[in-house]
Amino acid sequence: SSGINAEYGQGDHVTGRLDCGTMLNWDKPHCDIFRKFLVIPQVIPVMNELCGKGYRLDHLPLTIIQYKDAEGFDLHGGNLDEKGEWMQDLSYEFRFGKISCNPLNVAIPLDKTEPGDGGFVIIPGSHKANFPIPPEIAECDKLDENNYLINPALNPGDVLIFTEAATHGAFPWRGPTESRRTVFYRFCPPNFAYGRGYFDKNAEL
């Protein structure tokens, strides 16, 4: 057993998760590394294959920080809504020998994670599901009796690529380091837009 259960999925109900979506607009040189993450040479061929050439950044990138026992995030994603109806916006398709994803996540961990530390979790194969995720699983009230939920080992600088059609989320951080930091980018095919809003540094607020 992985030791993951409903109690494990709960944070301390005090320490919140910190989110930031403005890294690309930080002053130089602080923004430079986050801009370089957009064009990682080893990742580009994968994006071309799964999203198509001309793929685009879709909605804001996101940096998250979880301190010790900070809340995670309910399981979400999947190409079906809670009623079991098809959601093209979050789809994974394999047709005529070609894979297509809307959208595709690229996650870059900045801290080491071992299985059981918390942080990112995913249900492998869930991107092919034909039934919606049960609410008691999505809300982490019933977890991992069959070890289907994976908390992968990750090293700083690794690149984790997964489709939004896969059911995923995060558990409270209980690793040896003070915090868990991860950068997320979401990409879509060139003719598809999922994001509802964008950050414009020069916009009047």
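This is a predicted model: local features need pLDDT of at least 70, side-chain atom pairs count only at pLDDT 80 or more; totals for chains, interfaces and linings use all residues.

1. Residues are numbered from 1 along each chain as its sequence is written, and side-chain values use heavy atoms, with hydrogens and water left out.

2. The largest pocket has a volume of about 400 Å³. On a 1 Å grid over the protein atoms alone, a pocket is an open set of points with protein on both sides within 12 Å along at least five of seven lines, and a cavity is a set where a 1.4 Å probe fits but cannot get out; lining residues have an atom within 4 Å of a point. A volume is the space filled by probe spheres set on the points, with grid points joined across faces, edges and corners. The lining of this largest pocket comprises 20 residues, and those nearest its centre are Gly-77, Leu-80, Pro-132, Ile-133 and Thr-167. Helix α3 (residues 135-138) gives the most to that lining, with 3 residues; helices here are DSSP runs of H or I with at least four residues and strands are runs of E with at least two, numbered from the N terminus. By class the lining of the largest pocket has 12 nonpolar, 6 polar and 2 charged residues, where Ala, Val, Leu, Ile, Met, Phe, Trp, Tyr, Cys and Pro count as nonpolar, Asp, Glu, Lys and Arg as charged, and the others, Gly among them, as polar.

3. The second largest pocket has a volume of about 310 Å³. It is lined by 19 residues, with Leu-62, Phe-73, His-76, His-168 and Arg-186 closest to its centre. Strands β3 (62-67), β4, β10 (168-171) and β11 (179-188) are the elements that give two or more residues to this lining, which divides into 10 nonpolar, 5 polar and 4 charged residues.

4. How many cavities of 30 Å³ or more does the structure hold? There are 2, and the largest cavity has a volume of about 100 Å³. Its lining consists of 15 residues, the closest to its centre being Pro-109, Phe-120, Leu-154, Arg-180 and Thr-182. At least two lining residues come from each of β7, β8 (119-122) and β11, and β11 provides the largest share, 4 residues. The lining of the largest cavity has 7 nonpolar, 5 polar and 3 charged residues.

5. The second largest cavity, with a volume of about 50 Å³, has a lining of 10 nonpolar, no polar and no charged residues. Among the residues that line this cavity are Phe-37, Val-43, Met-47, Tyr-55, Val-106 and Phe-187.

6. Met-47 also belongs to the buried residues of helix α2 (residues 44-51), together with Leu-50 and Cys-51; buried means under 20% relative accessible area, exposed over 50%, and partly exposed in between, with a 1.4 Å probe and protein chains only. Seen down the axis of α2, these buried residues fall within an arc of 80°, so they line one face of the helix; the arc is that of the directions from the helix axis to the C-beta atoms. Their cover includes β6 (98-101), β7 (104-109) and β11, where contact means heavy atoms within 4.5 Å. Gly-52, which follows α2, has a positive phi, near 95°.

7. The largest nonpolar core has 19 residues, of which Phe-34, Phe-37, Met-47 and Tyr-185 touch the most other members. Such a core is a set of buried Ala, Val, Leu, Ile, Met, Phe, Trp, Tyr and Cys residues joined through side-chain atoms within 4.5 Å. A second, separate core of 8 residues includes Leu-62, Ile-64, Ala-107 and Phe-120.

8. Is Thr-63 buried or exposed? Thr-63, in strand β3, is buried, with a relative accessible area of 12%. Leaving out residues up to four places away in sequence, Thr-63 touches Leu-18, Asp-19, Cys-20, Met-23, Phe-34, Thr-182 and Val-183.

9. Met-87 lies in the loop between β4 (73-76) and β5 (92-95) and is partly exposed, with a relative accessible area of 24%. Apart from its neighbours within four places in sequence, Met-87 is in contact with Gly-78, Asn-79, Leu-80 and Asp-81.
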